[in-house]
Amino acid sequence: MPTPPQPQYSLYQKPTSRRPTLFSIILVTTLCIISYSLGSLRSSPATAAATPRSTTFLQIHPSPPCNTTSTNPDPTQSTQSTQPESIPTVPNDAKKLDFSARHGDSGPDPTRTALKPHPPCDPTLSEHTPCEDLTRSLAFPRDRLIYRERHCPPPHDRLQCRVPAPYGYKTPFRWPKSRDLAWYANVPHKELTVEKAVQNWIRSEGDDKFRFPGGGTMFPKGADAYIDDIGKLIDLRHGSIRTAVDTGCGVASFGAYLMSRDILTVSFAPRDTHEAQVQFALERGVPALIGVLASIRLPYSSRAFDIAHCSRCLIPWGQYDGLYLIEVDRILRPGGFWILSGPPINWRKHHNGWNRTQEDLNSEQRLIERVAKSLCWKKFQEKGDLAIWQKPVNHLHCKPRKPSFCPNPDPDTAWYTKLETCLTPLPNVSSDAETSGGALEKWPKRLHAVPPRIKSGLVEGISEEAFKQDSERWKKRVEHYKHVNSEIKRGRYRNILDMNANLGGFAAALIKEPSWVMNAVPVNVTKNTLGTIYERGLIGTYQDWCEAMSTYPRTYDLIHADSIFTLYDGRCEMDDILLEMDRILRPEGSVIFRDDVDVIIKIQRTIERLEWDSQVVDHEDGPLVREKLLFAVKRYWTAPGPDGDSNKKPKKKSRRH
């Protein structure tokens with residue numbers, strides 16, 4: 001029989017034959033007495049009172065759970081909400097942090113004064129969009145619709161109040177049901193149900209809902225059938241088309257129905273007589289912004305979209321020396337398509353219904369054809385009510401005379417940049433078959449492939465390896481977010497905003513969730529990365545967070561704010577940015593802040609004025625990292641109702657929507 005192994009001594013198991021020496025006993029005893037004395041001294045009331053409250057990272061300690069015997073581990077259950085879709089006031093499955101000194105801090109800081117909350121705005125401001133204010137816009141020229149562009153108030157005229165939701169506001173239907181239904185209380189406008197009744201944009205259903213049948217001016221059989229007709233002319237199903245822009249979008253049915261084909265559309269329209277078209281689009285869970293082609297560039301990078309679309313959008317494409325088609329050319333990728341339906345296409349059939357003469361419509365179409373040819377576009381197809389042009393893959397043989405190539409252009413500059421009647425040149429190539437700027441992978445490979453702008457070194461300081469590391473980093477971060485707030489993976493959040501998107505890693509990590517992310521690239525950053533975001537098959541916009549966003553109140557279910565307040569430190573007031581976040585966040589919507597611990601504490605202190613619930617959470621790499629997370633939730637409240645109460649939620653219905 002083999003001899004059994006002999007026991008081995010570890011560092012913590014000394015042989016029993018060894019005995020402690022008298023010296024070691026005295027040393028240990030002395031150290032214990034000194035430690036006890038120092039601890040008692042720190043715990044004394046006098047010492048505790050003298051100890052300053054600190055927020056340095058050395059004093060961050062996880063606190064024990066508030067209630068270890070809870071029988072409701074689900075953090076999504078709110079004790080205040082009566083709606084089926086409500087979420088918690090704070091995510092309570094996260095590890096809470098104590099930023100005060102651990103010794104002698106047994107109560108609130110007596111020197112700390114409560115901040116006065118921002119008051120509610122007047123109920124008439126429930127749809128307030130600061131930079132598209134209708135009254136202010138009338139002071140600007142009507143020529144070329146300049147008065148409908150962004151015109152933001154000066155800092156001293158900004159509202160210092162919280163924009164209310166309409167009385168009776170309800171959590172929107174979840175996607176994909178939201179594509180077809182919206183609550184009347186959330187967008188209480190019935191004008192379009194009358195004004196666009198024949199075109200089947202929207203109709204009332206009962207007393208409390210709107211239904212979107214998917215109709216449009218130029219697609220009476222519905223958006224799905226209209227897109228099928230486009231799909232017979234260009235391939236929409238195999239990943240070569242991923243990003244689209246819809247100009248003059250109506251209620252964005254075109255973008256809504258493209259989603260089933262894995263095509264992500266940025267829809268935009270001005271805030272005009274069609275009172276709430278963009279607001280309806282957002283309520284449906286479709287990406288949309290308030291915008292207009294007038295005198296300044298659209299807030300997108302060059303070579304962003306695979307297709308651009310106009311269905312009776314009433315933009316004078318041939319006028320002003322082709323200025324608006326020149327802008328479409330700037331944002332259209334090499335080889336991309338421009339799709340036009342409505343006047344003047346198929347004018348022989350429709351001229352009577354459009355109340356225009358055949359000569360007028362024929363002249364308009366010839367003018368569009370001439371401008372398209374001057375941009376080196378080719379007529380790809382014209383069939384029935386559809387006409388499609390294609391942009392060349394490079395400018396190797398493009399020799400435009402009018403417009404000529406722009407001298408010394410910066411094609412990606414687009415924030416308050418004036419439109420010019422010159423053609424944005426594409427990056428140089430060495431052969432006819434080469435795609436300017438680099439060919440894109442088909443979707444979904446496009447999402448994780450290194451963007452051509454990074455491969456070619458156009459984004460200074462970001463290598464291919466750095467891009468891959470960024471992608472992995474955001475996968476880890478988003479998993480941490482889901483652990484803290486499990487509603488992210490349960491489909492609670494449809495419309496998401498990333499305020500400082502960088503390379504789009506946050507949006508890429510959420511790609512399997514039933515949501516879309518508007519990736520905002522602040523104009524203040526040193527690296528303009530919006531072009532790389534579009535090359536990944538994602539969407540986004542430029543934004544200066546010292547100003548309001550071109551969107552309606554209550555646009556987003558979730559806002560991600562990574563280092564925003566470090567970026568804007570000294571540029572504008574934290575309060576103003578937070579008030580804008582409150583304006584565009586839905587009731588019971590969530591915010592995730594990432595920033596240095598000192599900034600996080602200041603944010604948490606400041607959002608008391610918004611009456612949000614909040615909680616500080618450790619960095620995904622542990623408590624010793626200075627960067628911290630702040631999870632916040634906007635409480636449910638509305639404008640006053642008939643009884644004067646603005647805080648009562650609608651009663652829960654017996655069935656979930």
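**A buried strand and its partners**

Begin by selecting strand β9, residues 305–311, which is mostly covered, with seven of its seven residues buried (under 20% relative accessible area with a 1.4 Å probe, protein chains only); strands here are DSSP E runs of at least two residues and helices are H or I runs of at least four, numbered from the N terminus. This is a predicted model, in which local features need pLDDT of at least 70, side-chain atom pairs count only at pLDDT 80 or more, and totals for chains, interfaces and linings use all residues. Residues are numbered from 1 along each chain as its sequence is written, and side-chain values use heavy atoms, leaving out hydrogens and water.

**The open sheet**

Now select the seven strands that form an open sheet of mixed pairing, in the order β15-β14-β13-β16-β17-β19-β18. At the edges stand β15 (539–543) and β18 (613–617), each with a single partner strand, so one side of each has no neighbour in the sheet.

Within this sheet, look at strands β13 (residues 495–498) and β16 (residues 556–562), which pair in the parallel sense over three bridges, and find Ile496, whose bridge partner in β16 is Leu558.

Methods: Buried means under 20% relative accessible area, exposed over 50%, partly exposed in between (1.4 Å probe, protein chains only). Two strands pair if DSSP finds at least two bridges between them.
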